[in-house]
Amino acid sequence: MTESRDNLHVMNRAALTKRLADRLTQREAVIGGIGNSNWDLWGAGQRPENFYMLGSMGLAAPIALGVAIAQPARRVFALEGDGSLLMQLGCLSTIAAQAPKNLVLVIWDNGIYQITGGQDTPAAAARTDFVAIARASGIASSQWAADEAEFDALVQRALTTDGPHVIGVRTDQEPGRNQTDRDPIRFRESFMRAMANKVGTG
């Protein structure tokens, strides 16, 4: 079990997003946080069960929590950057209190506000450990992924065991290679239709 963000293997966010997407076979919902988090999700292959956030910084985890509570039979993933999570850090306590067994929060930690110019986050300067904060908030299944193989193992555990789960990942600073379409109404309608289908149905 990886206890600290220090000395972790630095991984590529887009590549890990694709690895995650390739494992989703049961109509799992994925909430992509603003900027690179959802651009990489878009690039990994569009699914109606993906919700691409546009301009709502810090709300991937709260939105995913709502979906998880409303749809307890469906696994729900939130992909959130470290800078965005800082804006809603209290959501970790709320997730712990609600304890949805089907919720997974993936934290991409590159230490910067990437889409606004690459400024360091306060967390980077303070060497803030988001996984330790999640554990201290009451989310016992919170762990850093030491490398790609451990990331895959943690995703598999999140898909097959009760959560909530938090997976922390130190990522490089490569910008997203794709741009999500700027069509929030289409995303909303597509996601709503997808959530109306039960898990395991067409």
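This note comments on a predicted model of a protein, point by point.

1. Basis of the model. The model is predicted, and local features are reported at pLDDT of at least 70, side-chain atom pairs count only at pLDDT 80 or more, and totals for chains, interfaces and linings use all residues. Residues are numbered from 1 along each chain as its sequence is written, and side-chain values use heavy atoms, with hydrogens and water left out.

2. Secondary structure and overall dimensions. The protein contains nine helices and eight strands; these are DSSP runs, numbered from the N terminus, with helices being H or I of at least four residues and strands being E of at least two. The C-alpha trace spans about 45 × 35 × 30 Å along its principal axes.

3. Of the 202 residues, 50% are buried. Here buried means under 20% relative accessible area, exposed over 50%, and partly exposed in between, with a 1.4 Å probe and protein chains only. Among contacts with a separation of 6 or more, 74% join residues 24 or more positions apart; a contact means heavy atoms within 4.5 Å.

4. Surface and charge. The protein exposes about 8800 Å², and carbon and sulfur atoms supply 52% of this area. Accessible areas come from the Shrake-Rupley method with a 1.4 Å probe, and for residues only the protein chains shown count as cover. There are 20 positive and 21 negative charges, whose mean positions are 7 Å apart. Lys and Arg count as positive and Asp and Glu as negative, while His and the chain ends are not counted; each charge is placed at NZ of Lys, CZ of Arg, CG of Asp or CD of Glu.

5. Aromatic pairs. A search of the whole structure gives five aromatic pairs. Rings of Phe, Tyr and Trp (its six-membered ring) pair if their centres lie within 6.5 Å; planes under 30 degrees apart count as stacked, over 60 as edge-to-face and the rest as tilted. Trp42 and Tyr52 form an edge-to-face pair, at 5.1 Å centre to centre and 75 degrees between the planes. Trp42 lies in helix H2 (residues 36-43) and Tyr52 in strand S2 (residues 50-52), so this pair ties together parts that are 10 residues apart in sequence. Both Trp42 and Tyr52 are buried. The rings of Trp108 and Phe151 have centres 6.1 Å apart and planes at 35 degrees, so the pair is tilted. Because Trp108 belongs to strand S4 (residues 103-109) and Phe151 to helix H8 (residues 148-160), this pair ties together parts that are 43 residues apart in sequence. Trp108 and Phe151 are likewise buried. Ring pairs also link Trp42, Tyr52 and Phe187 into a cluster.

6. Gly168 is placed in strand S8 (residues 165-170) and is buried, with a relative accessible area of 0%. Leaving aside neighbours within four places in sequence, Gly168 contacts Ile107, Val131, Gln143, Trp144 and Ala145. The C-alpha atoms of Gly168 and Asp82 are separated by 9.5 Å, although these residues are 86 residues apart along the chain. Thr171 is in the loop between S8 and helix H9 (184-196) and is buried at a relative accessible area of 5%. Not counting residues up to four places away in sequence, Thr171 touches Val10, Met11, Arg13, Trp108, Asp109 and Asn110.

7. Backbone points to check. Most residues other than glycine have a negative phi, and most peptide bonds are trans. Gly163 and Pro164 are joined by a cis peptide bond, with omega about 10 degrees, and Pro164 is in the loop between H8 and S8. Arg27 has a positive phi, near 60 degrees; this residue is in the loop between helix H1 (13-22) and strand S1 (29-32) and is buried, with a relative accessible area of 17%. Ala99 has a positive phi near 50 degrees, lies in the loop between helix H5 (91-98) and S4, and is partly exposed at 37% relative accessible area.

8. The loop between H2 and S2. Ala44 is found in this loop and is buried, with a relative accessible area of 15%. Beyond residues up to four places away in sequence, Ala44 touches Thr17, Lys18 and Ala21. Ala44 and Arg19 are 25 residues apart in sequence and 8.5 Å apart in space, C-alpha to C-alpha.
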